[in-house]
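These are my notes from a reading of one structure.

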Amino acid sequence: MNKNQDWRFVRADKEAAFALGAYALYFLWWYACAYGMGDGSPENYSYVWGLPEWFFYSCIVGYPLVTVMLWVMVRFLFKDMPLDDDPIESTLEPEGAPDREPHAGGESREGRE
């Protein structure tokens with residue numbers, strides 16, 4: 001790893017890998033259910049709630065499963081991080097700096113009065 005690389009990029013790369021892995025798992029689930037159970041003549045299909053079994057498990061069950069999996073990933077694996085250029089300098093104000101109230105746009109009101 002490059003020592004000059006920002007830690008936020010390393011973290012973002014890990015989170016992107018988690019997201020791509022989750023999508024790959026969902027695609028494998030969908031593919032296995034759709035083409036594994038749906039292979040053959042429609043006369044031989046089994047049905048769940050009036051839907052072909054392959055469709056029920058690939059689309060109806062798979063989507064909520066991946067949604068819960070993604071929620072768990074975002075909740076426990078993804079981390080909040082600052083997006084400022086230099087997070088240390090942006091949190092420290094020099095001594096004697098005037099108090100500034102940010103307004104809705106995020107800029108200070110200093111000089112607007």
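Entry 1. I began with the term I would need: a residue counts as buried when its relative accessible area is under 20%, and as exposed when that area is over 50%. I also noted that the model is predicted.

Entry 2. I looked for disulfides and found 0 in the structure. C33 takes part in none, and its nearest cysteine sulfur, that of C59, lies 9.2 Å away. A disulfide would need the two sulfur atoms within 2.5 Å, so at 9.2 Å the sulfur of C59 is too far from that of C33 for a bond.

Entry 3. C59, at 27%, is partly exposed.

Entry 4. I turned to helix α1, which covers residues 7-37 and has 31 residues. From its first C-alpha to its last, α1 reaches 45 Å, close to the 45 Å expected at 1.5 Å a residue. I listed the buried residues of α1 as R8, R11, E15, A22, C33 and A34.

Entry 5. I looked next for a nonpolar patch on the surface, and recorded one formed by F18, V68, W71, V72, F76 and L77. Together these residues have about 580 Å² of accessible area. Which helix gives the most to the patch? Helix α2, residues 53-76, does, with 4 residues.

Entry 6. I checked V68, which lies in helix α2. V68 counts as exposed because its relative accessibility is 52%.

Terms used. Residues numbered from 1 in each chain as written. Predicted model: local features only at pLDDT ≥ 70, side-chain atom pairs only at ≥ 80, totals over all residues. Heavy atoms only, no water. Buried < 20%, exposed > 50% of the residue type's maximum accessible area, 1.4 Å probe, protein only. Patch = residues over 30% accessible without salt bridge, like charges linked within 9 Å, V, L, I, M, F, W, Y side chains within 5 Å. Areas by Shrake-Rupley, 256 points an atom, 1.4 Å probe, with all protein chains shown as cover. Salt bridge = Lys/Arg side-chain N within 4 Å of Asp/Glu carboxyl O. Helix = DSSP H or I, 4+ residues; strand = E, 2+ residues; numbered from the N terminus. Expected span 1.5 Å × (residues − 1).
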